[in-house]
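Subject: Structure for your review

Dear colleague,

Please read the notes with the model open beside them.

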Amino acid sequence: IFRYVNLVDLARCAQVSQTWMLLTQNNSLWSDINFSSVKHKVQDQIVVNTLQKWRPCVLRLNLRGCYSLHWPSFKSISECKNLQELNLSECQGLNDESMRLISEGCRALLYLNLSYTDITNGTLRLLSSFPNLQYLSLAHCRKFTDKGLLYLGSGKGCHKLIYLDLSGCIQISVDGFRNIANGCSRIQELLINKMPTLTDRCIQALVEKCQQIMSVVFLDSPHLSDTTFKALAECKLVKVSIEGNNQITDLSFKLMNKCCPYIRHIHMADCQKITDAGLKMISPLKHILVLNVADCIRLSDGGVRPFVQGSSGAKLRELNLTNCIHVTDASVTEIAQRCHQLTYLNLRHCENVTDAGIEALGNMSSLISIDISGTSISDMGLRALGCHGKIKELSISECKKISDTGIQEFCKGTKYLEYCHVSYCPQLTDEAVKAMAFHCHTLTSVNIAGCPKMTDTCIQYLAAACHYLHFLDVSGCVHLTDKALKYLWKGCKQLQILKMLYCRNITK
């Protein structure tokens, strides 16, 4: 049990009794130390004391976001000779000199996260001190250059690297990617998000020597085109994620079908040139588990139905059709009939989806997460959806036809609901929340923002029954008063995030 407790609570447990104190001294509890969970409280002295006591045992150390650390902490890290995983993301005190200390002591590192730090070429030169390094994140580190990436291939280099994250490193040019290719030809997973400077030539330079790449993630890279996929055709891709791109066309799907027979994960969201023809082209692929074509607004039943009827339909686990406004009940019915292993379905703002389609989904026993916000669903469809009772996550925001009756009928059928977002459903009253609280005690996230009929009574219901609540949004519930906060304070001890914008009857 103590393995699941954060450091502050572990220290409290040690003060309960001598027996508990002895339990907290077990070596296995200190092989994985996560200071990130208490990052606002962590100072050098705490890190130094902890690491000096447990340094032979420490294998994994997470200091993400611990912004108050300085030289003493990094010196203590360097004394953990058996350390294999180190996360220093967002550590403001980290610099090349402190990395030199760590490189001298922690030669066994396999995983290193330096994202959002001020490291320069000096640190990249030190990376060859970790001969077994396999996972490296330099995301949003802006102070190193193409020249620094030369060090990845010089001397002992980082020749065993299989995972590299360069998201947000907009200073890297084609030469930098060529340097990476020369030094790290074994890379299998590549993340390059938020990189408006990324071009096809960068990927071509990389793939010339890195032909073991299996996973690529290029979110917010608008200048990539089908040429990138022609280059990646040399690799045996298993996962592709691209978002926010107006250059990529159906040709990329054609290349996937031809060159990536084992692809499992396709995320091509907000790619405006993708059409039904593209989905038809990947329908023969046999191993697709995840398909995300959110915001590809040219897609319709003419592409979704052939894909679902294709070789991967029966294996599909996740399908995201957000804002595919031409998709109708015909596709949803086909999904219900064909996709027997589907666990996650997103039909947000598919405004042509009605009760007829949603009722068909009521027979899917595999479905545990569904988003039908902004659709034309009414109480009848919601009642059918709750029939098999296994849904854990439900989003029906902006469904103007939903009333208390629909929520009551849905909640009667399900005991496992954890996440329920019903924001901007103007008909809902306290009775809807009463049904949630009465039937679904395991709720962790509730959003009733923009439901103007809610009063303090609905919060009283939640506080009385839903003790695991972590997130609550009541923004725009204009009738709530200070009473609501008193109920939460008494009943929802685990609440972490509370949003209450525009609740003008709650005082300062």
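The lining of the largest pocket takes at least two residues from each of α1 (7-13), α2 (18-24) and α3 (44-54), and α3, with five residues, gives the most. Helices here are DSSP runs of H or I with at least four residues, strands are runs of E with at least two, and both are numbered from the N terminus. This is a predicted model, in which local features need pLDDT of at least 70 and side-chain atom pairs count only at pLDDT 80 or more, while totals for chains, interfaces and linings use all residues. Residues are numbered from 1 along each chain as its sequence is written, and side-chain values use heavy atoms, with hydrogens and water left out.

A pocket is an open set of points on a 1 Å grid over the protein atoms alone, where a 1.4 Å probe fits and protein lies on both sides within 12 Å along at least five of seven lines; its lining residues have an atom within 4 Å of a point. The largest pocket holds about 350 Å³ of space, the volume being that filled by probe spheres set on the points, which are joined across faces, edges and corners. Its lining comprises 18 residues, with L7, A11, W30, I46 and T50 nearest the centre, and by class it divides into 12 nonpolar, four polar and two charged residues (nonpolar: Ala, Val, Leu, Ile, Met, Phe, Trp, Tyr, Cys and Pro; charged: Asp, Glu, Lys and Arg; polar: the others, Gly among them).

The second largest pocket has a volume of about 270 Å³. Of its 15 lining residues, R3, V5, L29, D32 and N34 are the closest to the centre. The elements giving two or more residues to this lining are α1 and β1 (32-34), and β1 gives the most, with three.

Turning to the histidine, H140 sits in the loop between β5 (135-137) and α7 (146-149). H140 counts as buried because its relative accessibility is 19%, and buried means under 20% relative accessible area with a 1.4 Å probe and protein chains only.

In helix α11 (residues 250-259), the buried residues include D250, F253 and M256.

Best regards

Terms used
Buried means under 20% relative accessible area, exposed over 50%, partly exposed in between (1.4 Å probe, protein chains only).
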